[in-house]
Amino acid sequence: MTTILEDSAFVRACRRRPVPHTPVWFMRQAGRSLPEYRKIRAGVGMLESCRRPDLVTEITLQPVRRHGVDAAILFSDIVVPLAAAGVDLDIVAGTGPVVAEPIRTAADVARLRPLAAGDVGYVDEAVRLLVPELGPIPLIGFAGAPFTLASYLIEGGPSRTYLKTKAMMYGEPELWHALLAKLADITLAFLRVQVGAGVSAVQLFDSWAGALSEADYRRYVLPHSAKVLGGLAGAGVPRIHFGVGTAVLLRAMGEAGADVVGVDWRTPLDEATTLIGAEKAVQGNLDPAILFAPWEVVEREARRVLAEGKAAPGHVFNLGHGVMPETDPDVLTRLVDLVRSA
């Protein structure tokens, strides 16, 4: 199914082609801050929501209707393919993913089975429902990168220190690489389902890679992320790679195989472009907390990001991380209008 909207501002920017305006979308725009999202999700667990194509479709469309963004991102969660592959986990409100039996041994890794397309048929169905509904608006598919998935599986849930993750990485490198190789295969299979169903781009979230040094990232993580991104080289869709706190990793992340590198708010986009290289587009990078400041501050900072983004051969405006739940949706709508008219 070929639905890559090559003439959309978003895809053109990802391809480093001239654009009619800087395209804008927001990570975590599908849900989080929208009252209509909270209403439709009332009483429905996160994993169940991700498995219901009707809900996925409606939630994905909500920010497009409200904000007029240049791209939609599929409503899902990075642990969806893990659960589909048989991992006993739940997404606990206020906590995040919690894994019943964390992976710590070779036997645990051996139990992790491959992901078959049929395991996530609801994702395929949701994408096929969304594409005609969205019309000229591109749909972004996504997945968690092997390192970030591994951190949840090893720690058993969210972590601030990643002590158990790093203990395996440093102390049992063979086991570590075996686990990440399996996770790379699962991630690639999950993204291929989305591409096959009709998404126009994909984003690989390595949310917690910023916990690593560049040397450790190159040794323990980069080969596995590159396997995922490289596995989509012939798919024809732009590939975006994003992490948080990755200032020291941008050069290495630029080598992983993506067409666009997402940059968090800590690094100006012109500096990031120097690190990443002139052959990559960039995405970002307004600090999500700025949206809580007076509008004149939001406008000033957004214009700064737009100016810095001109150093790159392509720029997709976004936040430097996801929309915070307390964000006023009207500010997001106003920001979209500002970026599109700048």
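How are helix 9 and helix 10 oriented to each other, roughly parallel or roughly perpendicular? In this predicted model, the axes of helix 9 (residues 163–171) and helix 10 (residues 173–197) come within 5 Å and cross at roughly 115 degrees. Because angles of 65 to 115 degrees count as roughly perpendicular, helix 9 and helix 10 are placed in that class. On the side of helix 9, the contact is formed by Thr165, Met168, Met169, Tyr170 and Gly171, and on the side of helix 10 by Pro173, Leu175, Trp176 and Leu179. By residue class, the contact of helix 9 with helix 10 comprises seven nonpolar and two polar residues, and no charged ones.

An annotation in the unreviewed UniProt entry, "binding site", covers Arg28, Gln29, Ala30, Gly31, Arg32, Asp77, Tyr152, Ser207 and His321. These positions span 294 residues in sequence, and the farthest two of their C-alpha atoms are 22.9 Å apart, so the annotated residues do not all gather at one spot.

Arg32 is located in the loop between helix 1 (9–14) and helix 2 (35–41), and with a relative accessibility of 30% Arg32 counts as partly exposed. When residues up to four places away in sequence are not counted, Arg32 touches Tyr37 and Arg38, together with Val323, Met324 and Pro325. Ser207, for its part, lies in the loop between strand 5 (201–206) and helix 11 (214–220), and its relative accessibility of 12% places Ser207 among residues that count as buried. With neighbours within four places in sequence left aside, Ser207 is in contact with Thr148, Phe242 and Val244.

Arg16 lies in the loop between helix 1 and helix 2, where its relative accessible area of 38% makes Arg16 partly exposed. A cis peptide bond leads from Gly284 to Asn285, with omega near -5 degrees, and Asn285 belongs to strand 8 (residues 281–286).

Key: Residues are numbered from 1 along each chain as its sequence is written. This is a predicted model: local features need pLDDT of at least 70, side-chain atom pairs count only at pLDDT 80 or more; totals for chains, interfaces and linings use all residues. Side-chain values use heavy atoms; hydrogens and water are left out. UniProt positions are given in the numbering used here, feature names are shortened, and annotations may be inferred rather than shown by experiment. Helices (H or I, at least four residues) and strands (E, at least two) are DSSP runs, numbered from the N terminus. Buried means under 20% relative accessible area, exposed over 50%, partly exposed in between (1.4 Å probe, protein chains only). Contact means heavy atoms within 4.5 Å. Axes are lines fitted to C-alpha atoms, for helices over the stretch in contact, and angles run from 0 to 180 degrees between N-to-C directions. Angles under 35 degrees count as roughly parallel, over 145 as roughly antiparallel, 65 to 115 as roughly perpendicular and the rest as oblique. Ala, Val, Leu, Ile, Met, Phe, Trp, Tyr, Cys and Pro count as nonpolar, Asp, Glu, Lys and Arg as charged, and the others, Gly among them, as polar.
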